[in-house]
Structure formats: C-alpha cells, structure tokens
Amino acid sequence: MSTRRYLLRKVFAALVTLVFVLVLNFFLFRILPGDPVRTLARNQKLSAEQTEQLRAELGLDKPLPQQFLIYMRETVTGNLGISFTSSRPVTEEIGNVMWNTILLVGVSTVLMTIIGIWVGIRGAWRRGSRFDIGSLGGSLVLYSMPEGWLGMMLLILFGVELGWFPVGGYESTAQLTGFAHIVDVFNHLFLPMLTLTLGYIGEYAIIMRSSLLEVMNEEFVTTARAKGLRDKFVRRRHAVPNALLPTVTLVILNFGYVFGGAIVVEYVFSWPGLGKLTASAITQLDYPVIQGVFLIASAAVIFANLIADVLYTYLDPRVREG
C-alpha cells in the first residue's frame with residue numbers, strides 16, 4: 001500500500017507539472033519582443049490589408065485569453081497547430097527532424113555514460129593515483145567548458161584545418177545509398193557527437209567517483225574485504241552496484257533531454273534536429289513550433305523523471321519507506 005501511495009503521489013506531481021508547463025508554454029513565448037505577423041508581412045511584402053487578413057488567419061487577432069483556451073483545447077486533442085513560416089502542421093515539422101536529434105543525443109548519451117562511469121570507477125578505486133588526478137582534472141575542465149566553444153574548436157581543427165570530417169549538415173549532396181550512405185551520415189555525425197560526449201563525460205565521471213568513494217567507506221565493503229574476497233570482486237559485486245544509484249538517475253534524465261535537443265551544438269554544426277528547428281523558430285517568432293518543441297521536450301523530461309523515481313523504489317527501498 002505504501003508503494004502504491006508513493007507511485008500515485010509521483011504520477012500526480014508529474015501531471016501537475018505538465019499542466020504548469022502547458023500554461024507557461026503559451027504565455028512565455030508571447031512576451032518575446034517583436035510581432036510574427038509583421039515579420040512575415042515584411043518578408044512577403046504584404047499590404048496593410050493583407051497583413052490584417054494574415055493576422056486573422058493565424059488567430060492572433062483574438063484576445064489573449066481566447067487564444068489560450070483554443071491552444072489548450074487543441075493541444076489536449078493532439079493538435080500542436082500550424083507553423084507560421086512553412087504553413088505545415090507542427091507535428092510534421094517536429095517529426096521530420098526529431099529522429100536526427102535522437103540519433104545525435106542518443107548515441108552521445110550512451111558513449112558518455114559508458115566512458116564516464118568507467119573513468120569514475122577507476123579513479124575512485126585508485127584514489128590519489130596519476131590516473132585519478134589526471135582524470136579528475138580533465139573531467140572538471142571538460143564539464144566547465146562551453147559546448148558551443150568546444151564544438152567550434154573541434155570544427156576548426158578536424159573540419160577546416162585537417163579536413164577529416166564535414167563541417168556541417170546531415171549528409172552529402174551526393175545521392176548515396178546502402179552502406180555508403182551510413183558511412184556518410186556517420187562522418188557528419190562524428191564531430192557533434194564528439195562535442196556532446198566530451199562535454200558530459202566529466203559529469204558522469206565526477207558523480208560516479210564521488211558516489212563510489214562514499215560507498216567504499218561503508219561497513220559492508222570493509223566486511224567483504226575482511227572475508228578475504230579479492231579486490232576486483234569487492235568492487236564488482238559490492239561497491240559499484242551500490243554506487244550506481246545516483247548515476248542511474250542522471251542517465252535516465254539525460255535520455256529525457258534527447259527530445260529537447262542540443263540547441264547550441266546543432267546550431268554550430270548545422271545538424272538538422274530539434275535544436276536547430278528551435279533556434280530558427282525563435283528567430284522567426286514561429287509560436288506554434290516553439291510551443292510544440294518546448295512541450296515535447298518538457299514532457300520527455302517529466303516522464304524521464306517519473307521513471308527515475310519509480311525505478312528508485314525498486315533499486316533502493318529506503319526511498320519508498322521515506
């Protein structure tokens with residue numbers, strides 16, 4: 001019964017947060033300076049009458065409360081609206097680029113998780129060694145380094161100076177198929193993937209190292225060593241599984257950010273994903289697209305956080321009992 005109450009409480013909190021995001025999603029972007037209708041009219045060289053007609057077609061001539069009610073009704077039914085700039089459904093705009101972001105951030109998350117956890121475990125178990133000092137310093141440097149700056153440095157070095165990888169985009173203009181197409185996409189993916197991986201390896205390494213150092217001082221680890229177990233078995237069977245709990249939450253939440261996209265990295269490398277779509281929509285004040293991406297990204301993070309809370313109840317019963 002306590003587990004059921006805990007789960008219901010977490011689900012209710014997630015729903016309340018989602019409703020708050022819906023309300024914030026509508027009003028937040030309407031306080032941005034500028035008028036999307038005037039921007040479109042200026043680009044299309046419309047007359048004053050055509051501008052007002054366009055405003056009515058986009059529903060921006062209605063009072064703000066009425067616009068909000070229409071927005072809530074359509075969003076609940078799964079209609080995210082029509083893009084101001086492309087005149088296509090927002091769901092179609094997002095669907096065309098979402099899998100590119102999932103590919104980029106998903107692969108990067110897997111790599112940063114595996115490498116970061118390994119570095120954190122090795123550094124903590126050999127505390128004070130050259131590897132620990134070097135990896136800790138490197139992790140702090142990478143974690144504090146702006147992703148945009150790191151991406152530009154990698155782009156200049158490997159894309160411009162050495163010419164090893166393309167400087168941007170998703171694929172070459174040549175119509176490649178089969179394995180050649182896969183290799184071509186990977187070449188375009190490598191630099192933005194490397195940027196994200198390097199940018200977040202430090203986060204995993206630092207958290208894993210800190211968690212494992214704390215677990216190593218626990219009595220059950222001392223008892224396992226007193227029983228004469230080999231060092232690698234103490235680490236693998238007793239210390240690391242208990243130290244992984246904070247990292248599990250971090251991994252799940254980062255997978256939630258996949259739908260949010262890496263806006264800066266995608267912009268630097270012209271990667272056609274949700275991040276680049278968001279940057280373009282903000283520049284053009286395309287409210288429906290901005291709202292759609294923000295809603296999906298927020299919902300993904302809320303859902304990932306809910307999964308982490310539920311999973312924690314099984315990994316650590318103390319959370320449920322508390």
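# Briefing: salt bridges, cores and surface

Glu92 has a relative accessible area of 35%, so it counts as partly exposed. The model described here is predicted. The protein chain has 322 residues, and 41% of them count as buried. Its secondary structure consists of 15 helices and 0 strands. The points below cover the salt bridges first, then the nonpolar cores, and then selected residues and the surface.

**Salt bridges**

- The whole structure holds 3 salt bridges.
- One of them pairs the side chains of Glu92 and Arg88, with an N to O distance of 3.5 Å.
- Arg88 is partly exposed because its relative accessible area is 34%, which lies between the 20% limit for buried and the 50% limit for exposed.
- Arg88 also meets Glu93 through their side chains, and here the N to O distance is 2.9 Å.
- Glu93 has 10% relative accessibility and therefore counts as buried, the limit for that class being under 20%.
- A further salt bridge joins Asp132 to Arg209, whose closest N and O atoms are 2.7 Å apart.
- This pair connects distant parts of the chain, with Asp132 in helix 6 (residues 130-144) and Arg209 in helix 8 (residues 178-216), 77 residues apart.
- Both Asp132 and Arg209 are buried.
- Arg88, Glu92 and Glu93 form one network, joined by salt bridges that share partners.
- As a general point, side chains of opposite charge can pair when their charged atoms come close.

**Nonpolar cores**

- The largest nonpolar core contains 20 residues, and Ile94, Leu274, Leu277, Val289 and Val293 have the most contacts inside it.
- At least two residues of this core come from each of helix 1 (2-28), helix 4 (64-76), helix 5 (90-125), helix 13 (274-284) and helix 14 (287-315).
- Helix 14 supplies the largest share of this core, with 6 residues.
- A second core is separate and has 17 residues, among them Phe165, Met193, Leu196 and Phe269.

- Thr278 belongs to helix 13.
- With 10% relative accessibility, Thr278 falls under the 20% limit and so counts as buried.
- Leaving out residues up to four places away in sequence, Thr278 touches Ile263 and Val293; Val293 is also listed among the residues with the most contacts inside the largest nonpolar core.
- Leu311 lies in helix 14.
- Leu311 counts as partly exposed because its relative accessibility is 33%.
- Apart from neighbours within four places in sequence, Leu311 is in contact with Val248 and Ile252.
- The C-alpha atoms of Leu311 and Val248 are 9.0 Å apart, while the two residues are 63 residues apart in sequence.

- Trp149, Met152, Met153, Ile156, Val160 and Val167 make up a nonpolar surface patch of about 550 Å².
- Ile156 is partly exposed, since its relative accessible area is 40%.
- Of the contacts between residues at least 6 apart in sequence, 75% join residues at least 24 apart.

Definitions and conventions. Residues numbered from 1 in each chain as written. Predicted model: local features only at pLDDT ≥ 70, side-chain atom pairs only at ≥ 80, totals over all residues. Heavy atoms only, no water. Patch = residues over 30% accessible without salt bridge, like charges linked within 9 Å, V, L, I, M, F, W, Y side chains within 5 Å. Areas by Shrake-Rupley, 256 points an atom, 1.4 Å probe, with all protein chains shown as cover. Salt bridge = Lys/Arg side-chain N within 4 Å of Asp/Glu carboxyl O. Buried < 20%, exposed > 50% of the residue type's maximum accessible area, 1.4 Å probe, protein only. Core = buried A, V, L, I, M, F, W, Y, C linked by side-chain atoms within 4.5 Å. Helix = DSSP H or I, 4+ residues; strand = E, 2+ residues; numbered from the N terminus. Contact = heavy atoms within 4.5 Å.
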